[in-house]
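Hi,

Here is the model I promised to pass on.

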Amino acid sequence: MVATADYDIASSFAAHSPSPDSGKAIVAVADASSAHKYQFIEYRAAASPNHHKNVPPMVTQIIDGLTKRRLLPTDGNSENRSLPTVLLYDDKGLNLFDRITYVPEYYLAECEIDVLKTRTREIVAEIPNDSDVIELGCGSLRKTQLLLDALDQMRSGITYYAIDVMPMPLHSALGTLAEKYKNITFVALCGTYDEVLTHFKKATRRKTLLWLGSSIGNNSRAESIEFLSSITDNALVANDAIIIGMDRKKDPDVIMAAYHDSEGLTNQFELNALSHVNNIISEYTATLKGLIAADSVADDIFDVEKFCYTGDYDEVVGRHSAYLEAREDTMISWPRELAPAVERICGNSSDIAIKRGERIYIESSYKYGKEDFEILAQGSGLVHSAEWSDSRSYYSLNLFRKPRSTMSPRTDVTAAKGANSNFWGSVESRAQNPLHLPLNVMARKQPSTIPRKNEWEHLWSVWDTLSLHIIPRSKLLDRPIDLRHPFIFYLGHLSAFADIHMAAAECTPLTQPESFAQWFERGIDPNMVDPTICHSHSEIPAEWPEVNAILAYRDRVRARITNWIGVHDETSGVVPTADAARHVWMAFEHEAMHIETMLYMAVQMNPAEICSPIVTTFAAYHGAQPRESWISYTGGSNILLGLHNDSEGALKSQMLSSGHVFGWDNEGPSMAVSVKPFSVRTQPITNGEYLRFLKTRLSAGQDDCDNLVPKSWVQLDECGDYTVRTVVGNPSITSTEASLWPVFVSQKQATAYTSWCGKRLPSEAEWTHASRTYHLARALGKSTSTAQNSFGFQTSQSVDAYLSNLLATQGIDASEYTRAAFDLFVPADANIGFAHWHPVPEATAHPPDAYAGDDKENGLPEARFIGNGWEWTSTQFHPFDDFSPSEMYPGYSADFFDPPSTSDADYTHYVVKGASYATHRRMAHRQTFRNWYQRGYPYVLATFRLYRRGMCDLEPELVPLV
Ligand code: AVI
């Protein structure tokens, strides 16, 4: 097959060129007229000697797809025969596809080239010198060259690897490229992605994979996640990246035109698959007859003339589906020689009658909405780091990077991958999702009562990243916040706290050395005004134990937890008591909370001493303003706060019941409260807005300005430019996206801002009601308006009135949702659980000209409540009525309830709600979780939003601008 190229074994070439696997057959290929060579490495498995006896996999798939009807991604309810999509790409198909990329309606290719041309610098900035660029597929020279031009000029030591399963496209592409670019080393890798990619894990250089051309769109979302997951695990190490070309959701007419071009090329392209099937079947039949393929005489199984191409676009899912439709009744007749194979595969070999109008499925082209990038990233263990779009935001190249660790296990897509289902499982079927709720929402479930082993492992990996990588060992005795212990205390504290609770759960002794439980049991949280006032805490030793001794202790405690989880695994049938389970659950959430504490302590270090866990680039700021919109609520007297059915006392010594939800003592007992009509801004205040406020105060000569500068900022210069502290870099507020991040301030600073603009902070009850009502209204509104187009949200309407309207027509009991412990309707792209290691921009008033998707129908303004940062409330931290402290940890909340008389002193504790980017998703989703800090405490990842009494006007109100 490779005989057309002039090649020889070139061991010396291989020796100085980075090779993913030195054990493979390496050849250096030289064009006769050129001195430039490229390596060609063969990864394909040799054909088995029995190969000819087996039915080739493609023939099997064709028979299987044509004989069995399946529920396919496209229609939840109807079953179709199908053909593998890859059949579109024989030589003729490849040629037709290439021509399609030039027709004006097929905007994808043009858009991708636009992005590669206009965003070259930003893309190349993500690819370091002396690194490997690996393209999945060999790509079209048109676009690959755009990138290589830039790499050739701006980088040194780049090796470009092209992967393809066939040698010929590799030879023709690399022959041309190796000739053109003298600064780049070229390597062709011949094999399937699976065969080739695992070998990159051993490579020591940084890697950037390229998966361009919207190829991802031809896989279902589950397949894409599964593929990317396996790349993450088998080919990438921390900080390696993959750039993926993705077509965005947009006006359905634009998409339909792209797949139904006026020149009829798509029509020819899709129908050619039938000719390709005819060729494959007749070639195989010929070999069965003992003839060589060229002399094949078998009849075609398809009469191509009797079919036409049809396609449709599902706007909710974001998918164009292509079919080959029978124009009249027709038959698929199997050649006689093939009958035994057909019989084996489908149990009978009779001919297949295809009725006029029957559609055979051939291809899906998925389009991506803004939530989907995060779903893909989180499902694959990656971080979505950048999006570069064309001028119309039709198409984007997306950079995903592998972090050192992730907080939560990935979405399990295996169930969603079966033949009868698609991603988000079978819920794409209307029968299983009568309300047609957003599919990602349906797929999410309440987490298990006791965190599973893999959740612990993820938690530990993030803790280790924080305590042993981000904070260098040499800094473990540092104490960047006076009101907290040095870092080293927390290294021991997590294990000591967990051990004390494991010992209680198991009724067994403490882990050795027992003295660690004493030194590390409880940290400090002194009064900000008078730090000598502090609740009881562990005695501080004259010298902290050795780090290695603490780490060995940590490992013993972790082993103890793993063992307990193993014994009480859901499948083991060993049910623990509710008390034991609560101890274990407490240990878990306690560690999760300390990850956040450790993070906000780490960001207060000298930035030069922080070791970033992931390479991060911050997008430039182009002057967009936060969206200034408000939503109103009528409220009422039955706003339910807190968790019910979780009384520690009542459950004492009972066996744990399935589906039980634990909460901390301050989350119960639940109580109904009254809330008057109110409005909140849809988003918190951003760094850019807060900077304007500060400058206004400064120019007005106010003398409290020093106290108003957030501790989350670092002053850069005398002109008042500030950067924002993160563990992945300090982006400028005036010139980067950090302008649009929510500002992190103390409650005291937040109230200074709200008073300045004549507003206040929402109370805990108002915030809770606003958040959960909004999430349910949005989820339902999206589904019902798309399904029935009958609802619309007017700005004069309240979110709760809109929701009641929807619920009334759907027959749903709202209380079921408001009583639910977990807010299942939090958008999937919420920045929680280190989806990003920094906040992300809030939506802007003038976003790029992006397609609003199904939001546009129901018109509920886009709001964000969960993720990025906690939100300060105006509610002093008090117990709910009939509160009783946990016997297992009596001081958890009770030590921090200040008497009402202290209200508004700097040390008074106030409730924060929501979640930050560092909050574990279990707590971020548990609506009843209450967090609290002293109102003057300036270090937390907490922001705020504006509240005002009554319903909002139709006209948006502007925050005073400077
Ligand atoms: C290759 N792939 C990304 C194309 C697409 O848009 O799904 C194939 C194609 N099918 C019809 N036109 C183009």
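**Around D114**

Setting aside neighbours within four places in sequence, D114 is in contact with D390 and S391 (contact means heavy atoms within 4.5 Å). Before I go further, the ground rules: this is a predicted model, with local features needing pLDDT of at least 70 and side-chain atom pairs counted only at pLDDT 80 or more, while totals for chains, interfaces and linings use all residues. Residues are numbered from 1 along each chain as its sequence is written, and side-chain values use heavy atoms, with hydrogens and water left out.

Back to D114, which sits in helix 4 (residues 107-118). Helices (H or I, at least four residues) and strands (E, at least two) are DSSP runs, numbered from the N terminus. A polar atom of the D114 side chain lies 3.5 Å from the backbone nitrogen of S391. For polar contacts the rule is a pair of N or O atoms within 3.5 Å; within protein, one must be able to donate a hydrogen and the other to accept it, and residues adjacent in sequence count only if both atoms are side-chain atoms. D114 has 25% relative accessibility, so it counts as partly exposed. On that scale, buried is under 20% relative accessible area, exposed is over 50%, and partly exposed is in between (1.4 Å probe, protein chains only). K143 is 29 residues from D114 in sequence, and their C-alpha atoms are 9.7 Å apart.

**The whole chain**

The protein has 29 helices and 28 strands. Of its 962 residues, 58% are buried. Take the contacts between residues at least 6 apart in sequence: 79% of them join residues at least 24 apart.

**The ligand**

Which residues surround the ligand? They are Y89, F97, Y106, G213, S214, N218, Y259, T266, F269, E270, E363 and S365, where the cut-off is a heavy atom within 4 Å. Among the polar pairs, a side-chain atom of Y106 is 2.5 Å from a ligand oxygen, and an N or O atom in the S365 side chain is 2.7 Å from an oxygen atom of the ligand. N218 has a polar side-chain atom 2.8 Å from a ligand nitrogen.

Strand 16 (residues 383-389) has 5 of its 7 residues buried, so it is largely enclosed by the rest of the structure. Strand 16 runs antiparallel to strand 17 (residues 395-401), with 6 bridges joining them; strands pair if DSSP finds at least two bridges between them. E387 stands opposite N398 in strand 17. The hairpin of these two strands has 5 residues between them, and S393 takes a positive phi near 55° there.

Y313 belongs to strand 11 (residues 307-314) and counts as buried because its relative accessibility is 15%. Beyond four places in sequence, Y313 touches K249, P252, I255, M256, G318, R319, H320 and K367. One of these, P252, is 61 residues away along the chain, with 6.9 Å between the C-alpha atoms.

**Cores and the open sheet**

The largest nonpolar core has 111 residues, and Y690, W872 and F944 touch the most other members. A core here is a set of buried Ala, Val, Leu, Ile, Met, Phe, Trp, Tyr and Cys residues joined through side-chain atoms within 4.5 Å. Helix 19 (residues 578-602) gives the most to this core, with 15 residues. Domain 2 (453-609) and domain 3 (627-648 + 662-847 + 854-958) both give residues to this core, so it lies between them; the domain bounds come from an automatic or database assignment. A second, separate core of 82 residues includes F40, I63, V133 and Y181.

W872 also turns up in a sheet: its bridge partner in strand 25 is V912. Strand 24 (residues 870-876) and strand 25 (residues 909-914) pair antiparallel over 4 bridges. The open sheet has 4 strands in the order 26-25-24-27, with mixed pairing. Its edge strands, each pairing on one side only, are strand 26 (931-934) and strand 27 (942-943).

Q604 lies in the loop between helix 19 and strand 18 (630-633). Buried or exposed? Q604 is buried, with a relative accessible area of 13%. The Q604 side chain reaches the backbone oxygen of K711 at 3.1 Å.

Cheers
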